[in-house]
Amino acid sequence: MSFLFEFFYLLSAVLFIVGLKFLSSPPRARQGNTLAAIGMVVATLTLLASLKSSPGGMHNLPLIAAALAIGAVAGAVGARRVAMTDMPQMVALLNGCGGGAAALISVAEFLHLGTSRAGVDTMFGCIIGSISLSGSVVAFAKLQGLVSEKAINSPLQKGVNGLLFLSLLGLVGYLGFVGGGAPAFYALLGVSLAFGVLMVMPIGGADMPVVISLLNSFTGLAVAATGFVLHNNALIISGTLVGASGTLLTMLMCKAMNRSLANVLFAGFGSTTTAGAAGAAGGGAKNYREVSVDDAAVLLANVQSLIIVPGYGMAVAQAQHTVRELADLLAKKGVDVKYAIHPVAGRMPGHMNVLLAEANVPYDQLFDLDQINPDFERTDVALVIGANDVVNPAARTDTASPIYGMPILDADKSRHVICIKRSMNPGFAGIDNQLYYEPRCSMLFGDAKGAVSKLVEAVKAL
């Protein structure tokens, strides 16, 4: 019988791996998600069957069934009701739930064993899971606007974080070598939760994609640790997959911003505004050119090529469907339409891809930074919708800029640029965008959805 259980655990692991592979391809992402979900069902049923056939039998079946029902209902309702623009918040909460579950399992296992000392796997699951839980809650609060998206810094911040870190090391040594029992383990849990909060609070909203990815990897590592605690191969494999993929994605996101992970976590990026709309570099007001909806529509309807650059402003306005309508309308007029996706545009990795996929934008029209940048020089118009720092030429030229060296989309190299923004206020990096003052750039002010809707009507009227 145990061989049969191990076979189904292996089957679930294969489904996780294949599902993760499919998720890397937009056309097969839905299949990948389905396969991974089936793998989780197989692993869960196998675990319940193995518990039922064990010598001690299965205890607390009503509680287990109730927990499964509550989780299934909450997940299904959340997935259907949460808007795609709020998906980063939901991802943050799901990360936190996974980490919290791992921490609770570690605590329960330690109390169940009734020993004064704790194993490495138990302490690791508790620490990493707790950090993931509290850090994800803070990330959710920042994304939801419950607390300021800006980096919240204090002169005592580094000192307190350092003290908490030393406390964690001390508690690990004490529990591992001396003992201390439940009080020391509860202290470890509490310090870990506090460290997670203080680790994420100093990080600005612009760096949330990296934070979400990092916390996702933390959750995976915590789950793998609980797999060792419970001697469950499915947890070990699935947790390792999540941890490894999250770590690789974090590294790729940092590379996309030309910043180290340490800089993201400890630099307090976005805590202050380094330049206003008037431009801090020259100290004086700069001139920009504003374009009317009608003039912008005439230009768009009479070009051969268009690259749309979506940003968080498009997500906030929920303008993805209207943007696709505009693109379809222009395509019927013979315009070659493409979308340029920056790796850190939005609030989570792949945020723009998810939003555009929801609007049924064809996958073959989506291009990442390396693919699309050579095309800008041959493009008639770049339409920037709610994006800011990811198209700022200061990243190439201004060595004093906090985004200097960050790979950007070369929208400024197009023959014409139209930027849709609410105002001339800077983006999340808090710096002025040189693109807005370029001779070939025109500003179309307004809410992204409203402005694009007016463009659609104006193009139809031509």
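Buried means under 20% relative accessible area, exposed over 50%, and partly exposed in between. The exercises below use this cut-off on a predicted model.

**Exercise 1. Classify Asp-375, then place its salt bridge.**

Step 1. Asp-375 has a relative accessible area of 15%. The limit for buried is under 20%. Asp-375 is therefore buried.

Step 2. Its side chain meets that of Lys-338 in a salt bridge, 3.0 Å from N to O.

Step 3. Lys-338 sits in strand 2, and Asp-375 in the loop between helix 15 (369–372) and strand 4. The two are 37 residues apart, so the pair links distant parts of the chain.

**Exercise 2. Work out the strand order of the open sheet and name its edges.**

Step 1. Start with strand 1 (residues 305–310) and strand 2 (residues 336–341). They pair in the parallel sense over four bridges. Within this pairing, Ile-307 has Lys-338 as its bridge partner.

Step 2. Move to strand 4 (residues 381–385). Five bridges pair it with strand 5, again parallel. Leu-383 stands opposite Ile-418 of strand 5.

Step 3. Strand 5 also joins strand 6 (residues 441–445) through five bridges, in parallel. Here Lys-421 is partnered by Phe-445.

Step 4. The order of the six strands is 3-2-1-4-5-6. Strand 3 (366–368) and strand 6 are the edges, since each pairs on one side only. Neighbouring strands are turned by 25° against each other on average, direction ignored.

**Exercise 3. Which helices lie against the sheet, and at what angles?**

Step 1. Helix 11 (residues 293–301) packs on the sheet and touches strands 1, 4, 5 and 6. Its direction makes about 135° with that of strand 5.

Step 2. Helix 13 (residues 320–332) lies across strands 1, 2 and 4. It runs at about 150° to strand 2.

Step 3. Check the cover on strand 5 (residues 416–421). Five of its six residues are buried.

**Exercise 4. Is the Glu-325 to Lys-460 salt bridge made by buried or partly exposed residues?**

Step 1. The side chains meet at 3.4 Å, N to O.

Step 2. Glu-325 lies in helix 13 and Lys-460 in helix 17 (residues 448–461), so the pair ties together parts 135 residues apart in sequence.

Step 3. Glu-325 has 33% relative accessible area, and Lys-460 has 47%. Glu-325 is partly exposed. Lys-460 is partly exposed as well.

Technical notes:
Residues numbered from 1 in each chain as written. Predicted model: local features only at pLDDT ≥ 70, side-chain atom pairs only at ≥ 80, totals over all residues. Heavy atoms only, no water. Buried < 20%, exposed > 50% of the residue type's maximum accessible area, 1.4 Å probe, protein only. Pairing = 2+ DSSP bridges. Axes fitted to C-alpha atoms, helices over the stretch in contact; angles between N-to-C directions. Contact = heavy atoms within 4.5 Å. Salt bridge = Lys/Arg side-chain N within 4 Å of Asp/Glu carboxyl O.
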